[in-house]
Amino acid sequence: MAMASVTVRVDESIKEEAARIAESFGFDLSSVTRAFYRQMVRERAIPLNITTPLPNEESLRAIEEADRIIAEGKPGYKTVEELMEALEA
């Protein structure tokens with residue numbers, strides 16, 4: 001089987017940390033990359049767990065406040081102008 005080379009550009013600190021993690025399992029980065037490609041082909045999928053980051057504390061407070069406002073039945077704003085007037089008050 002013919003072999004091909006792959007060049008990947010990645011931040012040096014990410015590469016170093018990834019290498020440390022791979023080495024802690026007894027692998028080098030090339031072995032991990034080959035295993036990743038083989039798993040992609042075998043599963044016909046990209047084996048990554050891609051998720052949306054959890055909201056930070058400020059966002060969680062804003063969500064809670066919005067939920068409270070909705071639950072209390074406070075009136076919303078029909079136009080941007082109404083909102084701006086309420087903010088200026």
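E81 is found in helix α4 (residues 80–88), where helices are DSSP runs of H or I with at least four residues, numbered from the N terminus. The model is predicted: local features need pLDDT of at least 70, side-chain atom pairs count only at pLDDT 80 or more, and totals for chains, interfaces and linings use all residues. Residues are numbered from 1 along each chain as its sequence is written, and side-chain values use heavy atoms, with hydrogens and water left out.

**Negative patch**

- E81, E82, E85 and E88 gather on the surface in a patch of negative charge.
- E81 has a relative accessible area of 53% and is therefore exposed; exposed means over 50%, buried under 20%, and partly exposed in between, with a 1.4 Å probe and protein chains only.
- Patches are made of residues with over 30% relative accessible area and no salt bridge, like charges being joined within 9 Å and nonpolar side chains (Val, Leu, Ile, Met, Phe, Trp, Tyr) within 5 Å.
- Asp and Glu count as negative and Lys and Arg as positive, while His and the chain ends are not counted.
- The place of a charge is taken as NZ of Lys, CZ of Arg, CG of Asp or CD of Glu.

**Nonpolar patch**

- V6, V8, V10, I14 and Y37 make a nonpolar surface patch of about 470 Å², with accessible areas from the Shrake-Rupley method and a 1.4 Å probe, only the protein chains shown counting as cover for residues.
- V8 is placed in the segment before α1 (12–24) and is exposed, at a relative accessible area of 60%.
- V6 also lies in the segment before α1, but is partly exposed, at 49%.
- The C-alpha atoms of V6 and T79 are separated by 54 Å, the two residues being 73 residues apart along the chain.

**Salt bridges**

- The structure holds 2 salt bridges, each defined as a side-chain nitrogen of Lys or Arg within 4 Å of a carboxyl oxygen of Asp or Glu.
- E17 and R20 both lie in helix α1, 3 residues apart, about one turn of the helix.
- E17 is partly exposed at 36% relative accessibility, and R20 is partly exposed at 48%.
- Another salt bridge joins the side chains of R68 and E72 at 3.5 Å, N to O.
- R68 and E72 both lie in helix α3 (residues 57–72), 4 residues apart, about one turn of the helix.
- R68 is partly exposed with a relative accessible area of 38%, and E72 is partly exposed with 45%.

Key. Helices (H or I, at least four residues) and strands (E, at least two) are DSSP runs, numbered from the N terminus.
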